[in-house]
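Here is a short briefing on helix packing and charged pairs. Please keep the sequence and the model in view while reading.

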Amino acid sequence: MNLPNKLTLIRMILVVPFVLLMLGGHMEWPWFTAIFGGIMEYVDFIALGIFIVASFTDLFDGYIARKYHLETNFGKFMDPLADKLLVISALICMIEVGLVPGWMVIIIVARELTVSILRAIAAADGKVIAASGGGKLKTITQMLSIIVILLGANFNNALLLNIGFILILIAT
């Protein structure tokens, strides 16, 4: 397995600690408090850091794959899937903690599922549909909007929250 594909898998794995930290800081989970009790005021920042690291793996895996001609069918299929898992997980968590409205997430998830189903149908016919420039721009906008909203929430900054909302509206 080449480095870009490993970065894609790392992005998928990072979804788990991101979700646990993102929700754990807002839920009343006794086990979570027992584990993270001493740093509860930092779990939202740690979750944000994990999301940022995961987002950058998307940038690096594509860059490395193209620069060193390491593009694979696995990467063409799994990279967009990893992006979807990360973004959808973050958006669902953000609904749970009251940072984004559900209707936006429904529209985004519906689009993502539709694209994934179309890719699966094409794959059944032996065709691999890689992400387009527009799809990459959409993913960047989604990830950036999530980062800005989480920054705004973590720093209680209305300006960042409003900018993040505008960005997520554009992505929607």
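**Salt bridges and helix packing**

The structure holds seven salt bridges (a side-chain nitrogen of Lys or Arg within 4 Å of a carboxyl oxygen of Asp or Glu). This is a predicted model, in which local features need pLDDT of at least 70 and side-chain atom pairs count only at pLDDT 80 or more, while totals for chains, interfaces and linings use all residues. Residues are numbered from 1 along each chain as its sequence is written, and side-chain values use heavy atoms, with hydrogens and water left out. Helices (H or I, at least four residues) are DSSP runs, numbered from the N terminus.

**Arg 11 and its partners**

- Arg 11, Asp 58, Asp 61, Asp 79 and Asp 83 are linked in a network of salt bridges.
- Arg 11 pairs with Asp 58 through their side chains, at 3.6 Å from N to O. Arg 11 sits in helix H1 (residues 3-24) and Asp 58 in helix H3 (residues 43-67), 47 residues apart.
- Arg 11 also forms a salt bridge with Asp 61, at 3.1 Å from N to O.
- Arg 11 and Asp 58 are both buried (under 20% relative accessible area, with exposed over 50% and partly exposed in between; 1.4 Å probe, protein chains only).
- Arg 11 counts as buried because its relative accessibility is 0%. Asp 61 counts as buried at 4%.

- Side chains of opposite charge can pair when their charged atoms come close.
- Lys 138 and Glu 112 form a salt bridge, their closest N and O atoms being 2.8 Å apart. Lys 138 lies in helix H6 and Glu 112 in helix H5 (residues 102-124), so the pair ties together parts 26 residues apart in sequence.
- Both Lys 138 and Glu 112 are buried.
- Glu 112 is also touched by Lys 84 (contact means heavy atoms within 4.5 Å). Leaving out residues up to four places away in sequence, Lys 84 also touches Ser 89, Arg 111, Val 115, Ser 116 and Arg 119.
- Lys 84 belongs to helix H4 (residues 73-96). Lys 84 is buried, at 8% relative accessible area.

**H6 against H7**

- The axes of H6 (residues 133-154) and H7 (residues 158-171) come within 8 Å and cross at roughly 160 degrees. Axes are lines fitted to C-alpha atoms, for helices over the stretch in contact, and angles run from 0 to 180 degrees between N-to-C directions.
- H6 and H7 are therefore roughly antiparallel (angles over 145 degrees).
- Residues making the contact include Lys 138, Leu 144 and Val 148 of H6, and Leu 160, Ile 163 and Phe 165 of H7.
- By class, this contact has 13 nonpolar, five polar and one charged residues (Ala, Val, Leu, Ile, Met, Phe, Trp, Tyr, Cys and Pro count as nonpolar, Asp, Glu, Lys and Arg as charged, and the others, Gly among them, as polar).

**H3 against H6**

- The axes of H3 and H6 come within 10 Å, crossing at roughly 160 degrees.
- H3 and H6 are therefore roughly antiparallel to each other.
- Their crossing is left-handed.
- Among the contact residues are Phe 45, Phe 51 and Asp 58 of H3, and Met 143, Ile 147 and Asn 154 of H6.
- The contact of H3 with H6 has nine nonpolar, three polar and four charged residues.

Note on methods. Helices (H or I, at least four residues) and strands (E, at least two) are DSSP runs, numbered from the N terminus. Angles under 35 degrees count as roughly parallel, over 145 as roughly antiparallel, 65 to 115 as roughly perpendicular and the rest as oblique. A crossing is left-handed if the near helix is turned anticlockwise from the far one by less than a right angle, and right-handed if clockwise.
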